Amino acid sequence: MMKVLRQILGSALTLFLASPIFAADAVPAPLLPKQFGGWQIAGTVQTSKDAAQADPVNSALLKEYGFTDFATATYTRDDGRNVRLKAARFDDTSGAYGSFTFYKMPQMLTEKIGDQGAALNERVLFYRGNILVDADFGKLTAMSAAELRELASLLPLPAGNTRNLPGLPAYLPTQSYVKNSAKYVVGSIGLQKINAPLPAQLVDFTAGAEVVLGNYNSSGGLAALMLISYPTPQIAAESLRRIDAATQLGTAPKPDGAVALDAGHIFTKRTGPIVVVASGPLSSSEATALLASVNYDADVTWNENTSFNKKDNLANLLVNIILLCGILMGLALVAGIAFGGIRIMVQRIMPQRVFDRPEGMEFISLHLSDNGAQGQDSKVSSSIKAS
């Protein structure tokens, strides 16, 4: 008996461990497939969870973006061509997008591969979901982009909200924007590497800030527009007061700590939870126009209808109630006439068979009034005789 119980418990435990609850914590899917678009993998895939294996120089930045693992492999075709692929996975799509903006160079051409792609000569960079792929072709052909699109479709996707892109880059204005200059960062290391106009201590990433920076052409030269997003408008307002106090006094150090910020070339404003900072050789009118082009638009969903239609109008409701009463009265009248007509018709066809039958008309009568009258008459007669 105990042996049977142990077997049952063992089977139940095996099924429990194989359930989807534990499957979510299992080893993640491989980053790179064995083949795609006519390319076959040559040798083995080299994998690592060390960011230094992916990029020894920028390993700390990759960790800041949420780096989890890395894979690299070489693929070949029958015609002898080869391509070297490097794939890095992050905690969410924001990390892959941020690293994509960091590695993307201004001279790259935009390609429709994955979620976003860029190419320069034999190098193609793209990301899909939370995976960033860097492809180095020995020789590009007209079909290389289509082959990489097939590769992108084979990459494993993250689950849930980690698939969503950050919404902050969408607030960068398009007018006078320098192509491929947008950089998205989530920490102090990335902020320092993109030469932002404000240091990390003024941005305060511990409050949940995220930053996107883009370059813009102006009459005086190249200017920078920096958007800092915070979880709430209150935190953004406090950050703006801190930035204004530092820039007006000219005491805020640059990211390298060398020289104080030039208050005459820093322009700020707040829109919702976003702090907007424009810097560079901008005139007052150019800075005002650039700041005015950034406006936070809250996405509000109404759960109740705020307008009145015919169904919500009280007068129409009363009219419908009156009409309903009239309909019910009409139905009652029609039913009464129908019932009476059927009774008369049956009475004429089968008299005293269905309605008004004699046995149905008989009832018990006590004749109380008649007995009382007879008793009174007999008493009167008796009294007369006695007299």
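Two strands pair if DSSP finds at least two bridges between them. I noted this before opening the model, along with the rule that helices (H or I, at least four residues) and strands (E, at least two) are DSSP runs, numbered from the N terminus.

**Ground rules.** The model is predicted: local features need pLDDT of at least 70, side-chain atom pairs count only at pLDDT 80 or more, and totals for chains, interfaces and linings use all residues. Residues are numbered from 1 along each chain as its sequence is written, and side-chain values use heavy atoms, with hydrogens and water left out.

**Whole chain.** I found 13 helices and 13 strands in the protein chain. Of its 387 residues, 33% count as buried, where buried means under 20% relative accessible area, exposed over 50%, and partly exposed in between (1.4 Å probe, protein chains only). For contacts I used heavy atoms within 4.5 Å. Among contacts between residues at least 6 apart in sequence, 59% join residues at least 24 apart.

I looked up β7 (residues 123-128) and found five of its six residues buried. β7 pairs with β6 (residues 116-120) in the antiparallel sense over five bridges. In this pair, Ala 118 stands opposite Leu 125 of β7. Two residues lie between the strands of this hairpin, and Asn 121 takes a positive phi near 55°.

I then followed β7 to β8 (residues 131-137), where the pairing is antiparallel over six bridges. Arg 128 has Ile 131 in β8 as its bridge partner. This hairpin also has two residues between its strands, and Gly 129 in the turn has a positive phi of about 65°.

**The five-stranded sheet.** I traced an open, antiparallel sheet in the order β9-β10-β11-β13-β12. At its edges are β9 (183-185) and β12 (266-271), each pairing on one side only. Neighbouring strands are turned by 20° against each other on average, direction ignored. For such angles, axes are lines fitted to C-alpha atoms, for helices over the stretch in contact, and angles run from 0 to 180 degrees between N-to-C directions.

Inside this sheet I checked β11 (residues 221-229) and β13 (residues 274-279), which pair in the antiparallel sense over six bridges. Ile 228 stands opposite Val 275 in β13. Helix α10 (residues 284-292) packs on the sheet and touches β10 (210-218), β11, β12 and β13. The direction of α10 makes about 25° with that of β12.
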